[in-house]
Amino acid sequence: MARHRRCIVLRGSADATRDEALALTEGLDAVLFVDGSGAAPAHAVPASRVKRLLGRAYDAVVLDLHGGLDADVFGQAHGMVWGGGRLVLRMPPTGEAPIAGRARFAVHPHRPRDVTPRFWWRFERCLARSDAVVPASPVPRASRDVRGSAEQRAAVDRLVARLGAADPTLTALLADRGRGKSSALGLALREVLQDPAVEVAVTADRPGSTAEIFRFALDADAPIHEGRARYVPPLELLRGPDRPQVIVVDEAAQLPVPLLQRLVAAHPDARLAFATTVRGYEGTGRGFVLRFLEWLRSEPRPLALSTLEAPIRWDAGDPLERLVFDALVLDAEPTDVSARPATGAEPRAIPQDALAADEGLLRGFFGLLVHAHYRTTPSDLHRLLDAPNLRLHAMVDDGRVVAASFVALEGELPLAMSRALARGTERIRGHALADNLVCHCGRVDAGPLTMVRSVRIATHPERRRRGLATALVDHVHAAYAPDLFGTVFGATPELLRFRRAVGYALVRIGASRGERTGEPAAVMIRPVSPRARALVAELRADLARDLPLQLALLDADGELGVDPDLADGLREGLPAPRPLDDEARLVAVASYAFGARPYESAVWAVTRTVEAHAGCLSALEPSSRRLIETRILAGRPWPEAARAADFPSVRAAMRALRPAVRALAADAGLDLAARAP
């Protein structure tokens with residue numbers, strides 16, 4: 001079909017495939033070359049910039065894979081090829097898997113050569129069986145004719161009826177990439193704006209995400225909006241005085257659920273529409289579907305749910321889309337268990353080789369993770385198959401995966417490396433738990449401990465509350481003998497209760513909220529060795545002392561506040577706070593002032609030290625003094641502290657607070673440098 005897209009695979013050296021790709025795309029105006037190896041045309045863009053180009057259309061996208069396959073970039077590139085166009089893959093000769101690109105999965109102590117090419121060989125198998133792959137030939141011009149479907153027109157009509165209603169309404173629009181979701185919103189707003197009394201606010205995680213909506217909503221030849229439709233940042237909609245009658249949130253799954261809930265509560269009289277991509281290369285919208293939509297159904301305003309299935313940028317049954325979904329498992333779902341009774345699930349370690357070789361097992365395992373978590377991306381699949389520090393476990397019932405988990409082997413860091421991490425002179429990837437303990441808690445002695453971190457765990461939605469998650473965690477505990485088990489997650493009362501029930505203790509709360517969940521990060525540990533038990537006892541004492549100030553700062557810094565149930569869950573079981581002696585307090589301050597430790601994780605020690613030497617503030621230069629007074633002594637939000645001290649941004653103010661504390665300590669005669677990590 002004329003609007004079907006195809007894939008051209010070019011094999012050979014980077015230089016040879018570059019020259020062949022240039023010849024195949026000669027004469028086309030809209031071609032995007034994505035560089036991966038350095039042997040690319042001068043106008044090529046690096047893979048890291050592809051995400052910024054989303055929404056643009058090309059006759060062809062030429063993707064260089066000689067430097068390795070980035071699963072996210074592959075998915076993004078496909079979405080830029082319009083109907084009838086080509087995705088051109090520049091690849092090494094058949095049978096070769098590039099070594100380049102593996103370093104990002106080679107976490108200490110592993111080397112790039114330890115990273116397997118399982119994902120690459122699976123990708124090769126997908127190419128071999130796909131009808132999207134065609135012989136190399138000159139690339140035709142793509143069809144820029146976006147054909148709105150009858151399904152999209154029906155969705156527009158429903159949106160117009162809901163957004164133009166007299167009473168408040170809630171509407172959700174779900175679709176895969178390329179189905180015309182944003183254009184449907186724009187077309188609906190164009191009709192709604194015919195009413196001169198209507199004001200519309202469009203919001204998203206970033207302004208560029210709304211460009212497609214405004215392109216269809218605003219008629220340049222007949223400006224009907226007269227400034228009545230504009231982009232408004234999400235937080236401004238919460239705290240600002242404006243009360244638009246219509247609010248549209250695009251790519252809603254990219255915003256934290258608590259923020260969306262506050263947005264609904266802040267505008268009880270508005271007509272709101274939420275749209276999101278359900279199966280996309282930037283991460284799925286499952287968290288949005290599972291959590292936020294369930295919450296919306298409890299609202300007094302009626303909720304209407306619409307979906308779009310038919311693509312409009314290319315024709316239905318597009319071969320390239322089928323290839324991408326196959327290679328990236330974008331359509332992974334939990335295995336269907338409805339027709340068969342549970343017969344008794346058994347815990348099992350899942351070798352990565354077995355997962356790569358068994359497509360049913362892969363889809364069942366990955367489908368559970370996609371279904372349960374906010375943001376599961378194609379790169380997560382790549383990491384799951386190839387990262388040498390990951391181990392996979394599942395509960396399997398008659399061949400069906402009914403619970404899935406994977407853990408990361410961490411820690412066992414040389415003491416010299418731990419000290420460098422604590423000083424901030426070195427960074428480490430793939431050791432989230434060790435990094436938290438060493439850098440954020442100031443515990444250099446934690447780095448050499450062996451750790452097993454639970455990265456994700458998910459239970460089949462039809463098998464929940466049957467003890468499967470607990471059984472799986474017990475199985476993981478029995479499979480390893482580290483100094484400690486741990487996990488880092490967006491804190492909710494439910495997850496805190498679950499982890500406590502299987503032996504974990506809360507040792508740290510993050511200084512900021514998760515980008516997707518809107519919840520502060522919790523670090524919980526199940527100690528095994530005597531050294532780990534002593535560490536947990538000391539960290540719990542630190543948390544008991546710091547938590548009141550940390551919760552106050554979370555409240556001050558966020559528009560969402562800390563949920564009272566969550567605050568109670570964080571306090572549960574903590575020992576009575578005990579003050580630090582002077583030496584221990586100064587060591588904690590030094591770990592912030594001369595190290596990588598965030599201010600909020602040493603907030604009690606820093607605050608008490610500043611209070612004790614407040615008389616020295618007058619000797620500081622004015623911006624440093626105002627910064628300390630506003631952020632540390634008054635506990636005001638970072639934006640307010642930055643403005644008060646005349647810093648251009650929050651980031652600049654954060655950078656300036658460390659030297660300000662060092663200067664105050666020096667004026668007070670405190671030798672923090674001698675106590676630095």
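Helix H14 spans residues 415–423; helices (H or I, at least four residues) and strands (E, at least two) are DSSP runs numbered from the N terminus. The structure is a predicted model, in which local features need pLDDT of at least 70 and side-chain atom pairs count only at pLDDT 80 or more, while totals for chains, interfaces and linings use all residues. Residues are numbered from 1 along each chain as its sequence is written, and side-chain values use heavy atoms, with hydrogens and water left out.

Within H14, the buried residues are Met 417, Ser 418, Ala 420, Leu 421 and Ala 422. Buried means under 20% relative accessible area, exposed over 50%, and partly exposed in between, with a 1.4 Å probe and protein chains only. These buried residues of H14 pack against helix H15 (432–440), where contact means heavy atoms within 4.5 Å.

Phe 406 belongs to strand E15 (residues 400–411). Phe 406 counts as buried because its relative accessible area is 7%. Apart from residues up to four places away in sequence, Phe 406 touches Leu 369, Leu 384, Leu 390, Arg 391, Leu 392, Arg 453, Ser 454, Val 455 and Arg 456. Phe 406 and Pro 598 are separated by 192 residues in sequence and by 28 Å in space, C-alpha to C-alpha.

Arg 313 is placed in the loop between strand E12 (303–308) and helix H10 (319–328). Arg 313 is buried yet has no salt bridge, and the nearest side chain of opposite charge, Glu 212, is 4.7 Å away. A salt bridge is a side-chain nitrogen of Lys or Arg within 4 Å of a carboxyl oxygen of Asp or Glu; Lys and Arg count as positive and Asp and Glu as negative, with His and the chain ends not counted. Not counting residues up to four places away in sequence, Arg 313 touches Arg 3, Gly 79, Trp 82, Gly 83 and Gly 178.

A search of the whole structure finds six cavities of 30 Å³ or more. On a 1 Å grid over the protein atoms alone, a cavity is a set of points where a 1.4 Å probe fits but cannot get out, and lining residues have an atom within 4 Å of a point. Grid points are joined across faces, edges and corners, and a volume is the space filled by probe spheres set on the points. The largest cavity has a volume of about 90 Å³. Its lining includes His 440, Cys 441, Arg 597 and Ser 601. Strand E18 (505–513) and helix H18 (530–557) each supply at least two lining residues, and H18 gives the most, with five.

Technical notes: On a 1 Å grid over the protein atoms alone, a cavity is a set of points where a 1.4 Å probe fits but cannot get out, and a pocket is an open set with protein on both sides within 12 Å along at least five of seven lines; lining residues have an atom within 4 Å of a point.
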